[in-house]
Amino acid sequence: MKELLLFFFPLIVSCEMQKQNDLSQYTDLFIGTAYVGHTHPSAQLPFGMVQVGPDTGTDLWEHCSGYYDGDSTIIGFSHTHLSGTGCPDMGDIMLMPVVGDVPLDRGVSTDTSTGYRSAFSHQSEEATPGYYKVQLDDYEVKVELTATQRVGYHQYTYPASEQSGLVIDLGHGIGDEPIYSSMSLVNDTIIVGMRRSKGFVEDHSYYFYAVISKPVNSVSSFADNIISHSMSVEGKDTKLHLAFSTQAHEIVTVKVALSTVSIDGAQKNLLAEVKNSSFDEIRLQAKETWNSYLQKIQIEPLNADQQTSFYTALYHALLMPNLVSDVDGCYSLPDGTLANDSADHYTNFSLWDTYRSAHPFYLLMYSDKNNDFVRSMLSRFSRNGILSTNEYGQNETWCMIGNHAVPVLADVYVKGTMPEKNKEIEHAIYNSLTISHPKSDWGIYDKYGYYPFDLLTVESVSRTLEHCYDDYCAALVYQRSDSIKHRFFRNRSGNYVSLFDKSIGLMRPKDSNGTWRSPFDPFLLCHAGTSGGDYTEGNAWQYTWHIQHDIPKLVELMGGKDSFESKLDSLFFLDVQSLGGGFHGDVTGLIGQYAHGNEPSHHISYLYNYTNHPYKTQSIIRDIFNRFYLTGRDGLSGNDDCGQMSTWYIFSAMGFYPVNPVSGEYIIGAPQVKKVTLNLPNGKHFVVTANKLSTENKFIESVTLNGKTLDSFKINYKDIMNGGELIFEMSSQAK
């Protein structure tokens, strides 16, 4: 017996260690799929080209990612999805396993017999990083999905039937429509094709190369309403129904590789990443890849729900931007021009959202990836002459304001992670902040020192304030290299003063004669695309604090610390709604006027550190955690916005946040987990410990950094990268 125990004990220990190292088990990919989170449960790798997963709808705002928890039918499984955005797109190359003689149409959700879609139950769903599973009730087919960087791997378990099959619908898209598509059967197991489409993303294309394990017996085809049995189709809206027979519980696999370049490129991607690997082998590789990313941060949570929230946030933070280059480095631009940067190339940069904490997080914890993102931005600049503002599918959408690739580039410049790119960064920043484009009219801006609302009829205040931050970042870049440019951008970064109305203590629109807008409703929510207004997805109360680079000056403008604190108190207290028409679904997660569901508010909770009562920051952060980051499918209070909402959570859980991302400073908040270990890119470790943290003990008694009392409310980037320990002593008493 003793010998048996000695034999099995190492095996038991090994299994337990593997379980502890499997951080993917603590994620819940369905968090954020209800309400306004707009996340999806697709199978993908970190920042991968492919996100293969279920599409339950494509036409409503809640379908921005293609998946919505409130739906009860699945249209099919497409290979590209956006995570947490406020605009729908993608849904390329959609497959749907079927049984029977189904119409080559998706049908309507209220009656699945009208098309090939199927009813399903959420109880049959399972999703973990790199894997998704569901049962299609109409067909009794089990669907399993996994992925590599560029390949979606489908595994279907069919019932016994002479009419099993697979629908491929290139007319399908999420909020977009095809411009052109085509498909061909090369033989009875290989299907190739391409889809070019237009929507929120003006023009994007994907080629595919698919291998099915079951030889196809017959084909039904559809091309722009013409039905035939052709082995090839082309047109605007094309579909194929591939038929075969199956035995009970027979497994059929389909490997679908994507490329922006060509069918040959897709085939090369398939051979390089999958070749003859089994579904289970690829699924295991995906799990291992995800764990290698998740293990960069290890925590001791207060409870199991907090552990789930944390690692789900970390998972969501690693979904976008997305790869667009093939294994050989080639990628195609929207106009068909081929390019090769000799490095991975990425797109889907929601910079108005992600410059705040997502990119600072990537720089801190995944600096190699962040460097790849910056190279991609610089590559685009080399062709277009200005940096992207809101790039999806390699298209500039002009959806949001500011020039917020500037802070992302300035951050790597100042922190020195890409010194070989410094000259390119300087050139890109200068051009982007001096050459006018649809969201930046520098002639008007430089003439008046702000955007007058009679000359710029929408977002005049927001655009002015966000330009100020970009200019501050430019000033940091030119601080040592060019004194004239440094002075120019430093002076322009103070333009926000022109729009501060001391009589009401808020940022207020002003016309070209210097006259304040009157009448003026500071609570009026604005949305440029649907109702106009002077603010971007917000109001005067929310945007007044958007001076990330000069909070002390804002304190001064408001009349000192006491007045500043009183104004902050009012922000979190005043429960007044003034909608005024238009769309306001983005302004959610409200505490008074504070809107955690939208990015301009994200740094505000940390501003009590600039008053005499920093404990209010510690209290409000706990309130935000308790109210807006829950473990249900409706657990997010707003769009996750490509990881921005999630990285706010990660930073805040650790006890600090980059209020001014490019400054190199992190403002102390209050840790929400007992212990965090950061396994840094340079091989060092930074440990944050919150002694006596509990439900009651949410306030900071004292803080030490490497054994020395922290005498300010800031730590800096170098403190973390040097490794060490930040220790919080927590208390139930505010201090």
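Is Arg492 buried or exposed in this structure? Arg492 counts as buried, at 5% relative accessibility, where buried means under 20% relative accessible area, exposed means over 50%, and partly exposed lies in between (1.4 Å probe, protein chains only). The model is predicted, so that local features need pLDDT of at least 70 and side-chain atom pairs count only at pLDDT 80 or more, while totals for chains, interfaces and linings use all residues. Residues are numbered from 1 along each chain as its sequence is written, and side-chain values use heavy atoms, with hydrogens and water left out.

**Domains and their interface**

- The domain assignment gives domain 1 (27-275) and domain 2 (297-498 + 612-731); such bounds come from an automatic or database domain assignment.
- The centres of domain 1 and domain 2, taken over C-alpha atoms, are separated by 34 Å.
- Domain 1 contributes 51 residues to the contact and domain 2 contributes 47 residues, contact being defined as heavy atoms within 4.5 Å.
- About 3700 Å² is buried between domain 1 and domain 2, with 59% of it on carbon and sulfur atoms; buried area is the accessible area (1.4 Å probe) that two parts lose on being put together, summed over both.
- Three salt bridges are found across the interface of domain 1 and domain 2.

**Salt bridges**

- The structure holds 31 salt bridges, each defined as a side-chain nitrogen of Lys or Arg within 4 Å of a carboxyl oxygen of Asp or Glu.
- Arg492 forms a salt bridge with Asp446, and the closest N and O atoms are 3.0 Å apart.
- This pair links distant parts of the chain, with Arg492 in helix 12 (residues 483-492) and Asp446 in helix 10 (residues 442-448), 46 residues apart; helices (H or I, at least four residues) and strands (E, at least two) are DSSP runs, numbered from the N terminus.
- Whereas Arg492 is buried, Asp446 is partly exposed at 40% relative accessibility.
- Salt bridges that share partners join Asp69, Glu125 and Arg633 into one network, and within it the side chains of Glu125 and Arg633 meet at 3.4 Å, N to O.
- Arg150 and Asp344 form a salt bridge, with 3.7 Å between the closest N and O atoms.
- Arg150 lies in the loop between strand 8 (141-147) and strand 9 (151-158), and Asp344 lies in the loop between strand 22 (338-340) and strand 23 (346-347), 194 residues apart.
- Arg150 counts as buried at 6% relative accessibility, whereas Asp344 is partly exposed with a relative accessible area of 31%.
- Lys198 and Glu202 meet through their side chains in a salt bridge of 3.4 Å, N to O; Lys198 is partly exposed at 41% relative accessibility, and Glu202 is partly exposed at 43%.

**Cysteines**

- The structure holds zero disulfides, a disulfide being a pair of cysteine sulfur atoms within 2.5 Å.
- Cys473 is buried at 0% relative accessibility, and its sulfur is 11 Å from the closest cysteine sulfur, in Cys468, too far for a bond.
- Cys526 is buried with a relative accessible area of 4%, and its sulfur lies 16 Å from the closest cysteine sulfur, in Cys399, which is likewise too far for a bond.

- An open sheet of three strands has the order 30-31-36 and antiparallel pairing; two strands pair if DSSP finds at least two bridges between them.
- Strand 30 (656-657) and strand 36 (714-716) stand at the edges with a single partner strand each, so one side of each has no neighbour in the sheet.
- Strand 31 (residues 665-668) pairs with strand 36 in the antiparallel sense over three bridges, and Ile667 stands opposite Lys714 in strand 36.
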